[in-house]
Amino acid sequence: MRLENLNFDARDPRRLAGFWAAALGAEPLTDEEAGVEVRLPLPGGRFLDLCFERVTDPSPAKSRLHADLTGGDRGQQQDVVERLLGLGATPADIGQGDVPWVVLADPEGNVFCVMDERPAYRGGGPIAALALESADPERDAGFWAVATEWVRVEGEAPATLRHPSGTGPVLEFLCESGPKRGKNRLHVDVRPGPDESAATDRIQAAGARMLIDNPQWPWSTWADPSGNEFCLLVPERSQ
């Protein structure tokens with residue numbers, strides 16, 4: 001199992017993909033009217049694809065998943081912020097107060113953070129962390145360890161996972177600020193390996209709940225134990 005995609009619901013996929021590709025140094029993959037994909041290379045030949053799917057009316061609910069970008073020390077962090085503002089980001093106030101990170105919103109209002117220098121984020125690349133709100137961080141970290149095959153590491157959040165290589169972004173589980181309401185505008189996709197025919201049974205046993213299973217689609221839609229949506233892709237093909 002691998003965490004393969006970070007998905008955004010988007011009114012204008014091309015515009016939003018252009019912003020995030022420039023922000024992260026990602027490479028274009030597809031450019032269709034219904035959706036756009038870009039690829040962020042990761043160490044060891046791995047990758048994270050960012051997918052932007054056209055949605056007429058994205059959910060107005062707060063998304064419980066957001067990206068934390070690598071900033072560096074204060075001088076570097078400010079340079080990153082200025083570059084992102086130049087690409088179309090805007091300052092965002094979500095009640096964060098006086099904190100060492102900077103909160104911004106992308107061109108469609110999706111909030112993200114530019115982090116200060118922290119040991120837990122070293123080796124992450126341009127995305128330091130994917131932060132997910134959870135009703136029970138310890139429980140959900142256990143679920144996502146099954147769904148991604150990532151491992152527990154020391155971090156800044158109540159519970160944190162990372163790829164076994166110790167590189168790439170971390171997956172952080174934050175205590176939720178309130179009950180989930182509406183669909184998350186961001187979600188991740190996981191893909192089973194070619195020999196993982198029992199992936200559905202594994203994630204169900206770990207606490208996932210199926211939401212949509214359309215046999216015409218190359219994925220099924222699920223919710224994690226806290227109700228956060230994700231997609232299970234078809235298994236990758238054998239080489």
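Predicted model: local features only at pLDDT ≥ 70, side-chain atom pairs only at ≥ 80, totals over all residues.
Reader: Which of the residues in helix 2 are buried?

Author: Gln 77, Val 80, Val 81 and Leu 84 are buried there. Looking down the axis of helix 2, you find its buried residues within an arc of 100°, so they line one face of the helix.

Reader: Why would residues a few places apart point the same way?

Author: An α-helix has 3.6 residues a turn, so residues three or four places apart point the same way.

Reader: Nice. And what do the buried residues of helix 2 pack against?

Author: They pack against helix 1 (13–24), and also against strand 5 (65–69), strand 7 (102–105) and strand 8 (111–114). The face of helix 2 turned away from that buried side carries the exposed residues Asp 79 and Gly 86.

Reader: What follows helix 2?

Author: Gly 88 does, and its phi is positive, near 125°. Just after helix 1 there is a glycine too: Gly 25 takes a positive phi of about 75°.

Reader: Oh, helix 1! Which residues are buried in that one?

Author: The buried residues of helix 1 are Pro 13, Leu 16, Ala 17, Phe 19, Trp 20, Ala 21, Ala 23 and Leu 24. Helix 1 has 12 residues and reaches 16 Å between its first and last C-alpha, close to the 16 Å expected.

Reader: New topic: how many cavities of 30 Å³ or more does the structure hold?

Author: It holds 1 cavity of that kind. About 60 Å³ of space lies in the largest cavity.

Reader: Which residues line the largest cavity?

Author: Among them are Leu 65, Leu 132, Trp 144, Asn 184, His 187 and Glu 229. By class, the lining has 6 nonpolar, 3 polar and 1 charged residues. Strand 13 (residues 186–191) gives the most to this lining, with 3 residues.

Reader: Is Leu 130 buried or exposed?

Author: Leu 130 counts as buried, because its relative accessibility is 1%, and the cut-off for buried is under 20%. Leu 130 sits in strand 9 (residues 127–134). The residues Leu 130 touches include Leu 6, Leu 65, His 66, Val 170 and Val 188.

Reader: And where is Pro 225 found?

Author: Pro 225 is in the loop between strand 15 (219–223) and strand 16 (229–233). At 27% relative accessibility, Pro 225 counts as partly exposed.

Reader: What does Pro 225 touch, leaving out residues up to four places away in sequence?

Author: Pro 225 touches Arg 139, Asp 140, Phe 143, Ala 206 and Gly 207. Take Asp 140: Pro 225 and Asp 140 are 85 residues apart in sequence, but 6.5 Å apart in space, C-alpha to C-alpha.

Reader: Thanks, that helps me find my way around!

How values were computed
Residues numbered from 1 in each chain as written. Heavy atoms only, no water. Buried < 20%, exposed > 50% of the residue type's maximum accessible area, 1.4 Å probe, protein only. Helix = DSSP H or I, 4+ residues; strand = E, 2+ residues; numbered from the N terminus. Arc of directions from axis to C-beta. Contact = heavy atoms within 4.5 Å. 1 Å grid on protein atoms, 1.4 Å probe; cavity = no way out; pocket = protein on both sides within 12 Å on 5 of 7 lines; lining within 4 Å. Points joined across faces, edges and corners; volume = space filled by probe spheres on them. Nonpolar A, V, L, I, M, F, W, Y, C, P; charged D, E, K, R; others polar. Expected span 1.5 Å × (residues − 1).
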